[in-house]
Amino acid sequence: MKRITWLGTTTAAVAVVLAAGMSSCAKEKALADLLPEGEPCRLMLQAKTIDTKVNAERLSEGTVVGVHIVDRTSEETTTTAQKWPNLKHIANAQGGLDYQNEDPSGLPIILTTGYLYDVYSYSPYVEGLTAEGSSQIAVGHGVDVLWAKTGDQKPNDKTHTVDLEFEHKAAKVEFQVVADAASEPDITGATIKVTGFYKDGTLDLATGKITPGMKDETIELNQMGQAICFLPLEGEMELKVQVTVPEGSANAGTYVGSVKRTFLPGTSTEIKVTVIDRNSELGLTAGLVPWEEKTGNMDVNN
């Protein structure tokens, strides 16, 4: 799948005091005895995007992501990380990530040398997300969902840089309607309607897995040649296709069928709908474009 590596630099620095976080003094002392002695270390986030041809790109300026830092030395997980959950960052013109700290008493993110950290990130950013809610991050149809994890980070200097490599968790699909070259039907003014998409779902920050919600037949793709992001199922998914050739054409009528296939995250599928003759037969061929290349074929009839 297509991956995006973020090399975003924080411009503000925020001090963070690490605590054992145990429920009793005895447990706090026992855990503190296990923690390595360390020095303050400023966190820097670096970001760049990489397409399927491994060419570096910058993340679009203004993209907002949430950054979730898990202190594994203190035995945190994504759902218990109370020190640095859901830190808002925005990509700058250089492809860096600027920390958006609204608390003037916060200042920069300071880790501790010798400690072990995992860094997670996701987009689009969800305001007010807590650590407890990180397994159920709301995502929706029509949006490119991004997710990244960089684990086993152990700072050993005054500044520690983390590179985040993002994955596309949505898929893309676009449709083209063409006339069969042999029978040359008249499809002037043809329109298309595709349904079978899922309106919403959830992203698990720990695993990057998306779980779609309920199918919403009111969501329609009706523009040809325009790719749309959608939430793919883990297995086979069915999209219903309807092509209408208007009155006045010898091939006027409604042509229907369905596309059944497994749509993978990070793939962009182009489906060509071929109107073959006036008997309302459609030929569909499917292949993937820029994100990841794959092929497939199918036919639909009225």
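**Exercise 1. Confidence and overall make-up**

Task: State the average pLDDT of the protein chain, and say how many helices and strands the chain has.

Solution. 
1. The average pLDDT is 78, and 73% of the residues score at least 70.
2. Over residues 4-35 the pLDDT is below 50, yet this stretch has 97 contacts in the model beyond near neighbours in sequence.
3. Residues 48-56 also have a pLDDT below 50, with 24 contacts beyond near neighbours in sequence.
4. Where pLDDT is low, the predicted coordinates should not be read in detail.
5. The chain has one helix and 22 strands.
6. Of the 302 residues, 47% are buried.
7. Among contacts between residues at least 6 apart in sequence, 70% join residues at least 24 apart.

**Exercise 2. Salt bridges**

Task: Give the number of salt bridges in the whole structure, and work through the pairs of Glu 76 with Lys 83, Lys 169 with Glu 167, and Glu 234 with Lys 209.

Solution. 
1. The whole structure has six salt bridges.
2. Side chains of opposite charge can pair when their charged atoms come close.
3. Glu 76 and Lys 83 form a salt bridge with an N to O distance of 3.1 Å.
4. Buried means under 20% relative accessible area. Glu 76 has a relative accessible area of 10% and is therefore buried. Lys 83, with 23%, is partly exposed.
5. In the bridge between Lys 169 and Glu 167, the closest N and O atoms are 3.0 Å apart. Both Lys 169 and Glu 167 are buried.
6. In the bridge between Glu 234 and Lys 209, the closest N and O atoms are 3.8 Å apart.
7. This pair links distant parts of the chain, 25 residues apart: Glu 234 is in the loop between strands S17 and S18, and Lys 209 is in the loop between strands S15 and S16.
8. Glu 234 is exposed, with a relative accessible area of 68%, whereas Lys 209 is partly exposed at 43%.

**Exercise 3. Aromatic rings**

Task: Classify the ring pair of Phe 230 and Phe 263, and identify what lies over the face of Phe 263.

Solution. 
1. The structure holds five aromatic pairs.
2. The ring centres of Phe 230 and Phe 263 are 5.3 Å apart and the planes are at 85 degrees, so the pair is edge-to-face.
3. Phe 230 is in strand S17 and Phe 263 is in the loop between strand S19 (253-261) and strand S20 (268-277), 33 residues apart.
4. Both Phe 230 and Phe 263 are buried.
5. Arg 261 lies over the face of Phe 263, 5.6 Å from the ring centre.
6. Elsewhere, ring pairs link Trp 84, Tyr 115 and Tyr 117 into a cluster.

**Exercise 4. The surroundings of His 160**

Task: Describe the position of His 160 and name the residue whose side chain makes a polar contact with the His 160 side chain.

Solution. 
1. His 160 is in strand S12, residues 159-168.
2. His 160 has a relative accessible area of 12%, so it is buried.
3. Not counting residues up to four places away in sequence, His 160 touches residues including Cys 41, Arg 42, Leu 43 and Met 44.
4. The side chains of His 160 and Gln 153 are joined by a polar contact of 2.8 Å.
5. Thr 113 is 47 residues from His 160 in sequence, and the C-alpha to C-alpha distance is 8.9 Å.

Note on methods
Residues are numbered from 1 along each chain as its sequence is written. This is a predicted model: local features need pLDDT of at least 70, side-chain atom pairs count only at pLDDT 80 or more; totals for chains, interfaces and linings use all residues. Side-chain values use heavy atoms; hydrogens and water are left out. pLDDT is the predictor's confidence in each residue, from 0 to 100. Contact means heavy atoms within 4.5 Å. A salt bridge is a side-chain nitrogen of Lys or Arg within 4 Å of a carboxyl oxygen of Asp or Glu. Buried means under 20% relative accessible area, exposed over 50%, partly exposed in between (1.4 Å probe, protein chains only). Helices (H or I, at least four residues) and strands (E, at least two) are DSSP runs, numbered from the N terminus. Rings of Phe, Tyr and Trp (its six-membered ring) pair if their centres lie within 6.5 Å; planes under 30 degrees apart count as stacked, over 60 as edge-to-face and the rest as tilted. A charge sits over a ring if NZ of Lys or CZ of Arg is within 6 Å of the ring centre and within 35 degrees of the ring normal. A polar contact is a pair of N or O atoms within 3.5 Å; within protein, one must be able to donate a hydrogen and the other to accept it, and residues adjacent in sequence count only if both atoms are side-chain atoms.
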